[in-house]
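Keep the viewer open as you read.

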Amino acid sequence: MKKENMQIYTDGACRGNPGIGGWGAILIYADHTKEICGGELETTNNRMELTAVIRALTAVKSTSTIDLMSDSQYVLKGINEWLPNWKKRNWRTAGKKPVKNVDLWQQLDALSQEHAINWVWVKGHSGDAGNEKADQLANKGIDDLPSAK
């Protein structure tokens, strides 16, 4: 049985790009809310945006219908527009170069097929409560790293 109306907000952050990075996500279902975050010492903002979505979808325990909100055009265009052609071209871009972050794109591709996902772009830093909280969690992921202290 599919769960209905699960909402997920995700965000990534990077101090320096590349640099120290963090990711955050909020999962909301009925009256339950789960917040998750983490970080990496040497990464990029795009990797953190992708990681936030991957970690959020990994935390979903059963096949679900999900509204997934992100302020990352990279993630949303990648999943909705670029991914099918990358797969047809054996993970190569239109310019025949290897797809950047292919390891994460392949994980996201597999995870996204387990759920019915409505991908929603939200404008970052514009007062959307879920996006603001995901941003706070991404920064907490950086702050919690040992070298960030």
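This is a predicted model: local features need pLDDT of at least 70, side-chain atom pairs count only at pLDDT 80 or more; totals for chains, interfaces and linings use all residues.

Begin at the hairpin that strand 2 and strand 3 form, with 2 residues between them; Ala-30, in the turn, has a positive phi of about 55°. Helices (H or I, at least four residues) and strands (E, at least two) are DSSP runs, numbered from the N terminus. The two strands, residues 19-29 and 32-43, run antiparallel and are joined by 10 bridges; strands count as paired if DSSP finds at least two bridges between them.

Residues are numbered from 1 along each chain as its sequence is written, and side-chain values use heavy atoms, with hydrogens and water left out.

Next, turn to Ile-66 in strand 4 (residues 64-70). Is Ile-66 buried or exposed? Ile-66 has a relative accessible area of 1%, so it is buried; buried means under 20% relative accessible area, exposed over 50%, and partly exposed in between (1.4 Å probe, protein chains only). Leaving aside neighbours within four places in sequence, the contacts of Ile-66 (heavy atoms within 4.5 Å) include Met-6, Ile-8, Leu-57 and His-115.

Helix 2 (residues 73-88) comes next, and it bends by about 60° at Trp-82, with Pro-84 following within four residues. That bend is the angle between axes fitted to the seven residues ending there and the seven starting there. Among the buried residues of helix 2 are Tyr-74, Val-75, Leu-76 and Trp-86. The buried residues of this helix pack against helix 1 (45-59), strand 4, helix 3 (102-112) and strand 5 (116-121). After helix 2 comes Asn-90, with a positive phi near 60°.

Now for the interior. In soluble globular proteins, nonpolar side chains tend to be buried together. Here the largest nonpolar core has 31 residues, and Ile-8, Leu-57, Trp-105, Leu-108 and Trp-119 have the most contacts inside it. Such a core is a set of buried Ala, Val, Leu, Ile, Met, Phe, Trp, Tyr and Cys residues joined through side-chain atoms within 4.5 Å. Helix 1 gives the largest share of this core, 8 residues. Apart from it lies another core, of 6 residues, among them Tyr-9, Met-69, Val-122 and Ala-134.
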